[in-house]
Amino acid sequence: MKFAIVVNEGPYTHQASDTAFQFAKSVLAKGHEIVRVFFYHDGVNNGTKLAVPPQDDRHIPNNWSALAKENELDLVLCIAAAQRRGILDEKEAGRQGKDSNNVIDGFRISGLGQLIEAGIQADRTVTFGD
Amino acid sequence: MSDEMQEGPQGEVKKFMYVNRKAPYGTIYALEALEVVLIGAAFDQDVSLAFIDDGVFQLTDGQKTDDIGIKNFSPAFRALGDYDVTKLYVEKESLEERGLTRDDLMDLTWEDEDNDWEEKPSIRVVSREEMKSVLSDQDVILSF
């Protein structure tokens, strides 16, 4: 089965991202396909490369990044939500005249159309949020 | 953006339901949900919106936000008809639990091009039971 996953909350404050991550791993382990993971609202904060959680805690952005690399997942941060919250990739930082960027490998920034498209392509769209 | 204008694969049309559960201000969910609806309208899907719990406050008439320094985005709901978003289901019990009636909501309409552009109401007040069957009839539910 093809799944689209939507993550609407940031890391650590809410469990949504953790649960979505576990769900994604389970889906793949069962042999299903993930057409896209779309990060919206504060969910875009899962894509920062500047998070430094305590060493004895899970590193949520790194975990997503590694899962994406291992499974060639498409992790998309909503551009409008990301811009509001100071999440910029190199290209977007250049376009906005900012001198730094903070998107971790494995994520890409794109538009809300990617969420709708994922909903169309997937057999199931599963939202993780409050 | 080009990726926001494309149709679904093979022109497939699915039933998309956007569920609005939160008050318009206090959190950003309502505003960002509306942004998805407006972008999604370009995909020619069968779109409905549901308003339940505090989400019913999003449609109240006469919103005024000057004193909280946040933009009043409620006028954007009036544009939904022009985007062919014409089905706004509002849960009756959620209204009643908050001391609201349909008269407290904006008068949202759409023009029916198949019927001499007749103006028709977009808001459909439905019971909790009816809302259940509306939701179970959908292909994709995005909950905000």
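Modeller: Happy to! Let's start at B:D84, which sits in the loop of chain B between strand 2 and strand 3 (88-91). Before going on, a word on the model: it is predicted, so local features need pLDDT of at least 70 and side-chain atom pairs count only at pLDDT 80 or more, while totals for chains, interfaces and linings use all residues. Residues are numbered from 1 along each chain as its sequence is written, and chains are lettered from A and ligands numbered from 1 in the order in which they are written.

B:D84 is not a glycine, yet its phi is positive, at about 60°. With 14 other C-beta atoms within 10 Å, B:D84 is partly exposed; that class lies between buried (20 or more other C-beta atoms within 10 Å of the residue's own) and exposed (12 or fewer), with C-beta atoms placed from the backbone.

Now look at B:D44, in the loop that links helix 1 to strand 2 (46-51) of chain B. B:D44 has a positive phi of about 55° without being a glycine, and it is partly exposed, with 13 other C-beta atoms within 10 Å.

Stepping back, chain B has three helices and seven strands, in the order β-α-β-β-α-β-β-β-α-β from the N terminus. Of its 144 residues, 31% are buried. Among contacts (C-beta atoms, placed from the backbone, within 7 Å) between residues at least 6 apart in sequence, 77% join residues at least 24 apart. The C-alpha trace spans about 45 × 35 × 30 Å along its principal axes. The radius of gyration of chain B is 15 Å, which agrees with the value near 15 Å for a compact globule of 144 residues; it is taken over C-alpha atoms, and the globule rule is 2.2 Å times the number of residues to the power 0.38.

Finally, the partner chain: 19 residues of chain B are in contact with 17 residues of chain A. On the chain B side, helix 1 (29-40) and strand 7 (140-143) are the elements that give two or more residues, and helix 1 supplies the largest share, six residues. That side of chain B has 10 nonpolar, three polar and six charged residues, where Ala, Val, Leu, Ile, Met, Phe, Trp, Tyr, Cys and Pro count as nonpolar, Asp, Glu, Lys and Arg as charged, and the others, Gly among them, as polar.

Definitions and conventions:
Contact = placed C-beta atoms within 7 Å. Helix = DSSP H or I, 4+ residues; strand = E, 2+ residues; numbered from the N terminus.
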